[in-house]
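Please look through the sequence and the structure shown below before reading on.

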Amino acid sequence: AGQSKQPAPGTLMHHVAAGLTLGDAGDFDGGMRELEAALRKYPGFAQIYNLIGNSYRVQDRAAEAEAAYQRAVALNPLYSMAWSSLGNVQLARRDY
């Protein structure tokens, strides 16, 4: 099994990613506004929660990252990237 680094054209993730301009590097607030707008449009889309978790994780906001990853795996229990992200956050805080 594998996962491409870029979403396939025509897929929902491609549409969401195309709408994410995320502003200048380090524009956390702008990026989060865009992710929240994507969630309003696609509230059950696990990949958006994974992106939110990644954004929080880069900001060293582990509790918020973990909550986003947990939401992603709850929405799609087969989404291995979200499970991996969740596990990495839990390992970082030594929650074995």
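## A report on the predicted model

The protein exposes about 6,200 Å², of which carbon and sulfur atoms supply 54%, the areas being computed by the Shrake-Rupley method with a 1.4 Å probe, where for residues only the protein chains shown count as cover. This is a predicted model, in which local features need pLDDT of at least 70 and side-chain atom pairs count only at pLDDT 80 or more, while totals for chains, interfaces and linings use all residues. Residues are numbered from 1 along each chain as its sequence is written, and side-chain values use heavy atoms, with hydrogens and water left out.

The protein has five helices and zero strands (DSSP runs numbered from the N terminus, a helix being H or I with at least four residues and a strand E with at least two). Of its 96 residues, 32% are buried (buried means under 20% relative accessible area, exposed over 50%, and partly exposed in between). Among contacts between residues at least 6 apart in sequence, 44% join residues at least 24 apart, where a contact means heavy atoms within 4.5 Å.

Helix H5 has 13 residues and reaches 18 Å from its first C-alpha to its last, close to the 18 Å expected at 1.5 Å a residue (the expected span is 1.5 Å times one less than the number of residues). The buried residues in H5 are Ala82, Ser85, Leu86, Val89 and Gln90. They cover an arc of only 135° around the axis, which puts them on the same side of H5, the arc being that of the directions from the helix axis to the C-beta atoms. An α-helix has 3.6 residues a turn, so residues three or four places apart point the same way. The buried residues of H5 pack against H3 and H4. Serine 85 touches Asn50, Asn54, Arg57 and Tyr69, when residues up to four places away in sequence are not counted.

| Residue | Relative accessible area | Class |
|---|---|---|
| Serine 85 | 8% | buried |
| Phenylalanine 45 | 11% | buried |
| Aspartate 60 | 70% | exposed |

Aspartate 60 is found in the loop between helix H3 (46-58) and helix H4 (62-75), and its phi is near 60°, a positive value in a residue other than glycine. Arginine 94, which follows H5, also has a positive phi, near 60°.

The structure holds one aromatic pair. The rings of tyrosine 42 and phenylalanine 45 have their centres 6.3 Å apart and their planes at 65°, so the pair is edge-to-face (rings of Phe, Tyr and Trp, the last by its six-membered ring, pair if their centres lie within 6.5 Å, and planes under 30 degrees apart count as stacked, over 60 as edge-to-face and the rest as tilted).

Definitions and conventions:
Buried means under 20% relative accessible area, exposed over 50%, partly exposed in between (1.4 Å probe, protein chains only).
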